[in-house]
Amino acid sequence: YHPVSALLDIVDNSVSANADNINILVELERRKSQGGGRPATVVKSFAILDNGKGMDEAGLDNALALGSSKDFYPAETLSKFGLGLKSASSSLGQKLEIISRTSNSEPKLAVLDQKKLENEYTYELGEPDPDDVSILNTHVGDNNSGTLVRITDIHEESMPSATDSIDGLQK
């Protein structure tokens, strides 16, 4: 995956969830150059926020499982294979966090950490950090449905420049 393709694959999930407001956030970090030159700007994280229908715990569990339940996706969509979110996010970084809420429910958290996955073969479902709930609320409003997908521990060695990624998203 090129970062833009991977991010747009995740955005496609937002569109499938009937979102009409989708934002892609790119968090940047300035790092001192090894050779004493100009500081480098690198991508620290990617986040996709949407106001779609959101996911409950069963939906999050389905989103992180390999393959998909027919109950969640129409047969004519690519989503039926259940690989896009996991492969797109893992091409960008080591850690995938999803904070999601269906209308008038409490937000839920799912975390897929590749470092833990290597040893424990599992992902986590739980309660999100209040700061993450605040980010979701700022985007969708209190008690409205929506999802925050965040990818961190970015694979810097295979990432194009931050400028190239941002330019590609803008196009």
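The structure is a predicted model, in which local features need pLDDT of at least 70 and side-chain atom pairs count only at pLDDT 80 or more, while totals for chains, interfaces and linings use all residues. Residues are numbered from 1 along each chain as its sequence is written, and side-chain values use heavy atoms, with hydrogens and water left out.

The protein chain contains 6 helices and 6 strands, where helices (H or I, at least four residues) and strands (E, at least two) are DSSP runs numbered from the N terminus. Along the sequence these elements follow the pattern α-β-β-α-α-β-β-α-β-α-β-α. The radius of gyration is 16 Å, close to the 16 Å given by the globule rule for 171 residues, so the protein chain is as compact as a globular protein of that length. Here the radius of gyration is taken over C-alpha atoms, and the globule rule is 2.2 Å times the number of residues to the power 0.38. The C-alpha trace spans about 55 × 35 × 35 Å along its principal axes.

Of the 171 residues in the protein chain, 37% are buried. A residue is called buried under 20% relative accessible area, exposed over 50%, and partly exposed in between (1.4 Å probe, protein chains only). Contact means heavy atoms within 4.5 Å. Among contacts between residues at least 6 apart in sequence, 63% join residues at least 24 apart. The protein chain carries 16 positive and 27 negative side chains, and the centres of the two sets lie 5 Å apart. Lys and Arg count as positive and Asp and Glu as negative, without His and the chain ends; the place of a charge is NZ of Lys, CZ of Arg, CG of Asp or CD of Glu.

Helix α2 covers residues 57–64, and its buried residues include G59, L60, N62, A63 and L64. The cover over the buried residues of α2 includes α3 (84–92), β3 (93–101), β4 (108–113) and β5 (124–126).

Helix α3 contains S89, which is buried at a relative accessible area of 3%. Not counting residues up to four places away in sequence, S89 touches I10, G84, L96 and I151. P130 belongs to helix α5 and is exposed, with 61% relative accessibility. The C-alpha atoms of P130 and P107 are 9.9 Å apart, although 23 residues separate the two along the chain.

Strand β6 (residues 146–154) includes T152, a buried residue with a relative accessible area of 16%. With neighbours within four places in sequence left aside, T152 is in contact with K44, S45, G93, Q94, K95 and E97. D153 is also found in β6; D153 is not a glycine, yet has a positive phi of about 50°. Its relative accessibility of 35% makes D153 partly exposed. N143, in the loop between α5 (130–140) and β6, likewise has a positive phi, of about 65°, without being a glycine. N143 is partly exposed, with a relative accessible area of 41%.
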